[in-house]
Amino acid sequence: MRPEGSSLSRTVFGRRFQNPVLLAAGTAGFGRELDGVIDLDRLGGLVTKAVSQEPRAGNPPPRVAEFRGGMLNSVGLANPGLAAVGADHLPWLANRLRQAQVLVNVVGFTVEEYAEVVSGLTGIPGIAGFELNLSCPNTTAGGIEFGASPDCVRRIVSLCRARTPLALIAKLSPVLPDIAGIALVARDAGADGITVVNTLPGLLHSEAGVGRLGNGNGGVSGPALLAIGVLAASRVVERTEGMPVIGVGGVRSAEDVRQYLRVGAALVAIGTAALADPRLPERIVRNLESSRG
Ligand SMILES: Cc1cc2nc3c(=O)[nH]c(=O)nc-3n(C[C@H](O)[C@H](O)[C@H](O)COP(=O)(O)O)c2cc1C
């Protein structure tokens with residue numbers, strides 16, 4: 001990361017981000033849903049929801065359940081698929097944004113699927129890079145998440161590296177026993193950055209004993225992830241000796257953003273808190289600007 005003067009702008013992945021605040025994957029769709037609600041171009045950028053090779057209907061409802069510690073979700077990576085995203089959603093975003101950068105979140109259920117999505121979208125104008133969601137279950141290896149296997153991480157990142165000159169960012173789960181070790185594997189396979197953290201696995205039932213999510217279990221997000229994400233970001237920055245890190249998890253205020261920046265994160269993404277209050281990220285940007293003196 002190269003900070004510029006005393007402003008909030010910075011060069012990361014060879015691109016200028018006017019400030020470090022991003023919208024996290026899966027919580028801002030492809031930006032259209034927020035058009036007219038917030039000024040997307042005031043943000044550092046937006047990470048799209050996951051894109052898979054084929055369209056996905058996602059999991060049965062309910063897909064989210066709130067509890068005191070945050071939120072449990074199991075959206076099931078619902079998305080219109082590579083062809084529709086490339087033909088419609090990304091061109092709309094490119095046309096709409098002048099300043100904010102776009103990172104495309106990518107999922108696969110096989111190693112090859114990640115590379116197919118990356119190569120299918122490379123060449124579409126307006127994309128700064130790809131965030132590879134490595135928390136996806138590997139359907140050819142019993143459903144263990146890709147990110148838990150150094151060999152899968154190496155193969156996914158290097159296959160994608162061969163298919164795109166754009167930035168590649170590996171997004172990792174907080175449950176990995178050695179998250180910084182996996183970050184090193186991703187770096188050595190050609191990744192340009194690391195995003196930490198994805199959601200934590202969780203399960204809740206109603207008083208009647210019925211699962212609160214249509215899918216059964218899901219991912220925990222929200223306030224409790226702040227300290228978990230900051231530790232993960234700190235470990236990855238240290239072990240990779242300064243690789244660009246996108247910190248995500250539990251951010252609700254400018255001070256929470258600074259928690260990630262203090263440990264060396266280059267960019268910080270906001271998810272659950274922006275779902276509850278879509279104008280929050282813009283307010284956080286204003287707050288960061290005004291507190292720079
Ligand atoms: C409803 C919802 C959908 C999400 N979808 C994705 C996704 O498509 N890809 C991904 O990598 N992460 C996804 N995430 C994880 C977020 O990007 C983020 O890593 C996580 O929620 C922690 O940040 P937060 O505490 O600010 O929400 C999703 C989270 C939520 C709450």
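1. A265 is found in the loop between α6 (254-262) and β15 (267-270), where helices (H or I, at least four residues) and strands (E, at least two) are DSSP runs numbered from the N terminus. Not counting residues up to four places away in sequence, A265 touches A233, V245, I246, G247 and Y260; two residues are in contact if their C-beta atoms, placed from the backbone, lie within 7 Å. A265 also lies 8.9 Å from M243, C-alpha to C-alpha, with the two 22 residues apart in sequence.

2. A word on the basis of this note: the model is predicted, so that local features need pLDDT of at least 70 and side-chain atom pairs count only at pLDDT 80 or more, while totals for chains, interfaces and linings use all residues. Residues are numbered from 1 along each chain as its sequence is written.

3. As for the overall form, the protein chain has 8 helices and 15 strands, and its C-alpha atoms fill a box of roughly 55 × 45 × 40 Å, taken along the principal axes. A compact globule of 293 residues would have a radius of gyration near 19 Å, and the 18 Å of the protein chain agrees with this; the radius is taken over C-alpha atoms, and the globule rule is 2.2 Å times the number of residues to the power 0.38. Buried residues make up 47% of the 293 residues. Among contacts between residues at least 6 apart in sequence, 69% join residues at least 24 apart.

4. The ligand is surrounded by 26 residues, of which the closest are G26, A50, S221, G271 and T272; a residue is near a molecule if its C-beta atom, placed from the backbone, lies within 6 Å of it. By class, this shell has 11 nonpolar, 13 polar and 2 charged residues, where Ala, Val, Leu, Ile, Met, Phe, Trp, Tyr, Cys and Pro count as nonpolar, Asp, Glu, Lys and Arg as charged, and the others, Gly among them, as polar. Both β7 (70-73) and α7 (272-276) supply at least two residues each to the shell.

5. G26, one of the closest residues to the ligand, has its place in the loop between β4 (21-23) and β5 (45-47). With 23 C-beta neighbours inside 10 Å, G26 counts as buried. Leaving aside neighbours within four places in sequence, G26 is in contact with K49, A50, V75 and N105. G26 and T272 are 246 residues apart in sequence, yet 9.6 Å apart in space, C-alpha to C-alpha.

6. β7, which contributes to the ligand shell, also belongs to an open sheet of 4 strands in the order β6-β7-β13-β12, with antiparallel pairing; two strands pair if DSSP finds at least two bridges between them. The edge strands, β6 (64-67) and β12 (200-202), each pair on one side only. Neighbouring strands of this sheet are turned by 35° against each other on average, direction ignored, the axes being lines fitted to C-alpha atoms, for helices over the stretch in contact, with angles running from 0 to 180 degrees between N-to-C directions.

7. Within this sheet, β6 and β7 pair in the antiparallel sense over 4 bridges and form a hairpin with 2 residues between them; the bridge partner of V64 in β7 is N73. On the other pairing, 3 bridges join β7 to β13 (residues 218-221), again antiparallel, and M71 stands opposite S221 in β13.

8. Some backbone features deserve a look. The peptide bond from P61 to P62 is cis, with omega near -10°, and P62 has its place in the loop between β5 and β6. The bond from V196 to V197 is likewise cis, with omega near 10°, and V197 is found in the loop between β11 (193-196) and β12.

9. F13 and E241 can be read as a pair. Phi of F13 is near 55°, a positive value in a residue other than glycine, and phi of E241 is also near 55°.

Key
A residue is buried if 20 or more other C-beta atoms lie within 10 Å of its own, exposed if 12 or fewer, and partly exposed in between; C-beta atoms are placed from the backbone.
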